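Me: I would like to learn how to read a few features of a protein model. Can we go through them in turn?

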Amino acid sequence: MTSDVTNEVEPASTVGASSRYVDWEFAKATGARLSPPGPKVSRREVAAVVADLKAAAAYAREPVAATAQLTSPDDRPALVVDRATWVAANVETFAAVMDPVVATMDRATGPAALRAVGAKVSAAEAGALLAFLSSKVLGQYDLAPSGTPRLMLVAPNIVEAERELDVDPTDFRRWVAMHEETHRVQFTAVPWLRQHLLDLMADLTGSIAPSPEELTERLAQASKNLRQALTSGGTGLAGVFLTAEDRAKVAAATAVMSLLEGHADVVMDEVGPQVIPSVSVIRDRFTARRQGRGTLDKLLRRLLGLEAKMAQYVEGATFVRSVTSVVGVDGFNAVWTSPETLPTPDEIAAPGLWVGRVHG
């Protein structure tokens, strides 16, 4: 299934420092080639789905803004994409956040040919990872470090999910759009938030990349951390190489992501009953879908750290509801004042700590 608007994606900008080590164009090609085929639909159905998703995103703007009580500029409309286009957009993000790693890797020496082979291998790994994810993601607010941020809805995944769940397509598309529109509002109503999150990602990426001198020690550490990577709620294979300092940075970034995902879920569920008649059916079936995956899929999610992401929705939503019940929406929105008012990992787990620190 493809979209008629994929040509709206901005030209690739992967010519950067990290391209010396990772062939990003090869990663895009690999991801596109390995992405599973989408559901079977006719050309007429594709056009109808694209139009409906654009309408759902536009429809979500007013109720989301009113519920979140955040003022957001009316920027570019949602982009409806296929899986290959989603992969390409995320390769751009990978390339941008990998640039800090180059400073570390430049200290390494070796034949140019070996580095070229390494670039192909790394690109294949990145492409394969994104190919797997490309069939899971329903939508995303693309931070686009080197371009223009944009709300994206992944058409084949939304159609596939609504068929699997046997829910009303119009209601489901609006429901998904509510969640993703909340992310758009978060990043456009809070101007500093996008760069803050990108800085967190860059700092973490640069920190995790081991220098040549550290590599042996990190490999030894990896064997000790492998079991944790396979446990529910772990950080996945990326966590195998984490030091204690790295884990603290991951926890800080995870707290921010939990806030964003939880807030989007809360807004989506509060808006839902007003404008989506079958919202309770959708929520129940979607929650069951998250929990009822097969053994192989669950293992892959653990390895990739995706189970931890699922926990973010629950923990973040609990934080938002707990804080709002005490200080109201206006009081909760103090969280967007500055990076210093974002919740810490401890505060995400104990919302009262945040209320005490921020509101006294």
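**Strands, a helix and rings**

Reply: This is a predicted model. Start with the strands: E1 (residues 79-81) and E3 run parallel and are joined by 3 bridges.

Me: Which residue of E3 is the bridge partner of Val80?

Reply: The partner of Val80 is Leu153. On E3 there is also a pairing with strand E2 (residues 139-142), antiparallel and over 4 bridges. There, Asp142 has Arg150 as its partner.

Me: Which residues of helix H1 are buried?

Reply: In H1 (residues 24-34) they are Trp24, Ala27, Lys28, Thr30 and Gly31. Viewed down the axis of H1, these residues fall within an arc of 165°, so they line one face of the helix.

Me: How is a pair of aromatic rings described?

Reply: By the distance of the centres and the angle of the planes. The whole structure has 6 aromatic pairs. One of them, Phe172 with Phe286, is tilted, at 6.4 Å centre to centre and 50° between the planes. Phe172 lies in helix H6 (residues 169-189) and Phe286 in helix H10 (residues 279-291), so the pair ties together parts 114 residues apart in sequence.

Me: Why is the pair of Trp175 and Phe286 edge-to-face?

Reply: Because the planes of Trp175 and Phe286 are at 70°, with the centres 5.1 Å apart; edge-to-face needs over 60 degrees. Phe172, Trp175 and Phe286 form one aromatic cluster.

Notes: Residues numbered from 1 in each chain as written. Predicted model: local features only at pLDDT ≥ 70, side-chain atom pairs only at ≥ 80, totals over all residues. Heavy atoms only, no water. Buried < 20%, exposed > 50% of the residue type's maximum accessible area, 1.4 Å probe, protein only. Helix = DSSP H or I, 4+ residues; strand = E, 2+ residues; numbered from the N terminus. Arc of directions from axis to C-beta. Pairing = 2+ DSSP bridges. Phe/Tyr/Trp six-rings, centres within 6.5 Å; stacked < 30°, edge-to-face > 60°.
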